[in-house]
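Dear colleague,

I am passing on a structure for you to look at, and below it I have set out what was found. Please read the notes with the coordinates open beside you.

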Amino acid sequence: MKAGDGMPMTQGRSGGLVESRSIDVVPDEERHGTAFSQFTLWVGANLQITAVVTGALAVVLGATAFWAVIGLLAGNLLGGSVMALHSAQGPRLGLPQMISSRAQFGVRGAVVPLVLAVFMFIGCTASGTVLAGEAVGELTHLGPVAGILIFTVVTAVAAAVGYRLIHFLGRLAGVVCGVAFVYLGVRLLQHDDMGTVLADHSFALPAFLLAVSLSASWQLSFGPYVADYSRYLPRSTSARATFGWTLAGTALGAQWSMAFGALAAAAAGEAFVGHEVTYVVSLGGAGLMAAVLYFVIALGKLTVTVLNTYGAFMSTVTSVTGMRRRGAVPHRLSPRGRVGYIAAIIVAGAALALAGRGDFLNTFSTFLLIVLAFFTPWSAVNLADYYLVAKERYDIPALNDPDGRYGSWRAPALVSYGVGLVVQLPFMATDLFTGPFVAPLGGADISWIVGLTLPGVLYWFLARRERHRIPDRMIYPVDVVPAQAPQGATEVPA
């Protein structure tokens, strides 16, 4: 197998199947693959049942099928573009996504978004496990509870193996689930009159914006870990190629799934809502075909649930090491430590899945919108710093030193992030809270637009004056020397 096909030849210096690196920089000699690997991974991660449910929610919550599909496409392109900008950081830094937050928030201040990221990943793991457990339970005839437990064990093993297996699962899911979704789309067309379903062009701005928000939040929720899966790409990989293939994969996969969900919900109504897995399987057929579709659902969910578990693992390790003394960040996490972190995360996700499987659809819609509120300001701060303030120049060793260039806590990022959370509240519409500006806007929720713009502008204004923290070129650890990158960068004078 060639290195350029997206599959690692080795995984860490040991060359074994199990990944040996965690939050340390990936050296040049361990880099491999091409930017196209991001397309195959993100197509596979989005061709799955939870994306179908997300698309269905746009119709369930008031949009017509016609405008739901258009709104979902707009959200996937907008949110996917933000997500792909994070992905482009991976080859340049060679680091997991969230550790770069230390450059903005400080080595210890980064724990604020990191803790929220861990909760988000565990919540996404739990929501995916509900649907996958139902599929596994039907496939094995053991019931949903046993299905959840079986799925949990398989997810834990895959996450522990790490990067190599994750990319393999993405490619496998992209092919298998892609074929299945084409088949299901044909069956949906045969089963219902899509011309009638799409004939209603009545437009309601609040419902349309909700559809945009649902798909945008879906894409933005990938932001805190997307670079985890591009960090092994060669440092010479074009940022434009990484951005383009990531956006193409995530937007295509998500829109494919969500459009199917919106059309199915509009056509089937109550037969679909609350019975998403069984409806999809019954649409495809019975007997062997039903078993195949249950397997497809489980495979699609396995791919993205492993991503969430792996992301939670990286964020947890980053949080723990950030609160330790200077120089305490391990270059290698022991296999026992890796398994321990992943076991704790997966047990928490399984417990939430078992507790919350009764009212999945309403719980999941509220969860998606709350996730959006917490991570749009983080994305704004991270991207403004990387592309506009630091201009892709970081002192990577200083990311581990609370007494170094970035310090323990950085006020510009913490203030901007806090303001970003607060300014969204008046524009937010969820089951838990509805802001005062929602009614004048006809019930539309535009909080994510506010949260994605204002914090970035505020951070740029506050942080651009701190020139002393910006090196004139990227600085790498002494033992991780890029082939053509000089060390000991000269700092820009304060």
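Axes here are lines fitted to C-alpha atoms, for helices over the stretch in contact, and the angle between two of them runs from 0 to 180 degrees between N-to-C directions. Please bear in mind that this is a predicted model.

With that convention, helix α2 (residues 49–60) packs against helix α3 (residues 65–87) at an angle of about 135 degrees, their axes lying 9 Å apart. Because angles from 65 to 115 degrees count as roughly perpendicular and those over 145 as roughly antiparallel, α2 is oblique to α3. The crossing of α2 past α3 is right-handed, and the contact is formed by Gly55, Ala58 and Val59 from α2 together with Ala65, Ala68 and Leu72 from α3. Sorted by class, the residues of this contact between α2 and α3 comprise 5 nonpolar, 1 polar and no charged.

A second pair is formed by helix α6 (residues 111–140) and helix α7 (residues 144–161), which pack at about 110 degrees with their axes 7 Å apart, so that α6 is roughly perpendicular to α7. Their crossing is right-handed, and Thr129, Ala132, Gly133, Glu134, Val136 and Gly137 of α6 meet Pro144, Gly147, Ile148, Ile150, Phe151 and Thr152 of α7. The contact of α6 with α7 has 6 nonpolar, 5 polar and 1 charged residues.

Finally, Asn308, which lies in helix α13 (residues 288–322), counts as buried because its relative accessibility is 5%. Setting aside neighbours within four places in sequence, Asn308 is in contact with Phe121, Cys124, Thr125 and Tyr225.

Best regards

Conventions:
Residues numbered from 1 in each chain as written. Predicted model: local features only at pLDDT ≥ 70, side-chain atom pairs only at ≥ 80, totals over all residues. Heavy atoms only, no water. Helix = DSSP H or I, 4+ residues; strand = E, 2+ residues; numbered from the N terminus. Parallel < 35°, antiparallel > 145°, perpendicular 65-115°, else oblique. Left-handed = near helix turned anticlockwise from the far one by under 90°. Contact = heavy atoms within 4.5 Å. Nonpolar A, V, L, I, M, F, W, Y, C, P; charged D, E, K, R; others polar. Buried < 20%, exposed > 50% of the residue type's maximum accessible area, 1.4 Å probe, protein only.
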